[in-house]
Amino acid sequence: MSDIPERMHAAWIDRRGPAENIRYGELAVPSIGPADVLVQVEAVAVNPVDTFVRSGAYRTPLPFPFVIGRDLVGTVAVCGPGAAGFSVGDRVWSSSLGHAGRQGAAAEYAAVSVERLYRLPTGVDPVAMVAVAHPASTAFLAVTTHGRLQAGETVLVAGAAGHVGRAATILAAHGGARIITTASAADVDACRSLGAQVALDYRDPELAQHLHDATPGGVDVHLDTSGHHDLDLALSLLAPRGRIVIMAGLTRRPALPAGALYTRDAQVLGFAISNARIDELAAAAERIDQLATQGVLSCGNVEELPLAAAAEAHRRLETGQVAGTRLVIRP
């Protein structure tokens with residue numbers, strides 16, 4: 001490791017709390033285990049879950065000082081002796097750091113297990129990839145792994161103009177599903193361009209009736225990325241043996257219409273990407289790499305900030321100042 005410095009710049013916290021707790025300064029370059037690689041980080045995405053982990057709203061073991069951030073793209077700098085499949089100089093990405101005792105990504109270098117590391121496809125823009133990695137991984141697991149959506153089935157994506165909603169719409173479209181979306185009136189055309197057969201304004205007072213009219217055979221997979229969870233409406237739309245995937249709304253406590261649930265043989269499934277297994281994440285990464293290579297994954301607007309502005313990025317995300325924009329920080 002003669003070419004690797006002993007210290008690096010990083011964005012980190014020494015206790016849970018507000019964005020003001022994020023510090024920018026020097027830490028030791030992380031050591032790596034036998035099955036790890038040391039990645040020289042090029043870009044890191046900022047996700048809502050990063051703010052939940054930092055604040056303590058989503059409790060997970062944190063080793064202090066804790067480097068924030070979950071997703072990175074970069075270049076392999078050092079390989080552990082058991083890091084099969086990777087070589088120094090490989091362009092790579094990861095989307096599951098900063099959780100369950102793993103250090104985060106917002107630094108000049110990060111240690112990553114080979115189980116959580118994927119190759120950056122040739123020709124794919126690294127900033128675009130890191131911007132879409134977490135939403136697309138989340139969408140794949142929600143739609144495919146937990147929702148079990150099949151070609152020819154109908155999926156309802158509520159909040160389809162958001163980052164996860166956009167990715168879910170694209171993934172479902174390329175999987176041969178029929179897609180119904182809800183979004184703001186300004187975004188319905190964009191939803192159609194992503195592959196939705198029907199795109200509706202969620203503020204329309206007749207929305208429920210329009211949804212019923214658009215789904216005469218029922219909805220096979222109901223995905224609410226907004227976290228509002230109107231389970232009465234969702235279950236009234238559901239086809240027999242349909243699946244409702246709950247993946248947002250950390251503090252929501254919706255009422256469960258039990259009769260409508262069991263008389264349809266329906267399922268309500270909870271899903272958080274932080275709990276995903278290694279093989280599930282790998283399957284998501286494989287599909288993301290395929291679609292990224294084809295140029296069909298869209299991350300929307302991206303704003304780049306320096307690593308020193310990590311606290312600002314968290315504040316802006318938490319106060320709703322970045323609607324429709326993905327923040328990416330660059331070491």
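Contact here means heavy atoms within 4.5 Å.

**Ground rules.** I am working with a predicted model, in which local features need pLDDT of at least 70, side-chain atom pairs count only at pLDDT 80 or more, and totals for chains, interfaces and linings use all residues. Residues are numbered from 1 along each chain as its sequence is written, and side-chain values use heavy atoms, with hydrogens and water left out.

**Ser95.** I looked up Ser95 and found it in the loop between strand E6 (91-94) and strand E7 (109-113). Helices (H or I, at least four residues) and strands (E, at least two) are DSSP runs, numbered from the N terminus. Is Ser95 buried or exposed? Ser95 counts as buried because its relative accessibility is 3%; the cut-offs are under 20% relative accessible area for buried, over 50% for exposed, and partly exposed in between (1.4 Å probe, protein chains only). Beyond its neighbours within four places in sequence, Ser95 touches Arg70, Asp71, Ala133, His134 and Ser137.

**His99.** The loop between E6 and E7 also holds His99. His99 is buried, at 6% relative accessibility. Setting aside neighbours within four places in sequence, I find His99 in contact with Tyr58, Thr60, Arg70 and Ser274. Which side chain does His99 join through a polar contact of 3.3 Å? The partner is Thr60. A polar contact is a pair of N or O atoms within 3.5 Å; within protein, one must be able to donate a hydrogen and the other to accept it, and residues adjacent in sequence count only if both atoms are side-chain atoms. I also checked His99 against Ala35: they are 64 residues apart in sequence and 18 Å apart in space, C-alpha to C-alpha.

**Sheets.** Strands of a sheet pair through backbone hydrogen bonds, either parallel or antiparallel. I counted two strands as paired if DSSP finds at least two bridges between them.

My notes on an open sheet of 3 strands give the order E2-E1-E4, with antiparallel pairing. Its edge strands, each pairing on one side only, are E2 (23-28) and E4 (66-67). Strand E1 (residues 7-13) meets E4 over 2 bridges in the antiparallel sense, and Trp12 has Val67 in E4 as its bridge partner.

An open sheet of 6 strands runs in the order E11-E10-E9-E12-E13-E14, with parallel pairing. E11 (198-201) and E14 (267-270) are the edge strands here. How many bridges join strand E12 (residues 219-224) to strand E13 (residues 238-246)? I noted 5 bridges between these parallel strands, and His222 stands opposite Ile244 in E13.

Most residues other than glycine have a negative phi, and most peptide bonds are trans. The bond from Phe64 to Pro65 is cis, with omega near -5°; Pro65 sits in the loop between helix H1 (48-55) and E4.

Arg148 is not a glycine, yet its phi is positive at about 55°. I place Arg148 in the loop between helix H2 (126-146) and strand E9 (154-158), partly exposed at 36% relative accessible area. His229 also has a positive phi, near 60°. His229 lies in the loop between E12 and helix H6 (231-237), and is buried at 9%.

**Cysteines.** I searched the whole structure for disulfides (a pair of cysteine sulfur atoms within 2.5 Å) and found 0. Cys79 is partly exposed at 26% relative accessibility, whereas Cys191 is buried at 1%.
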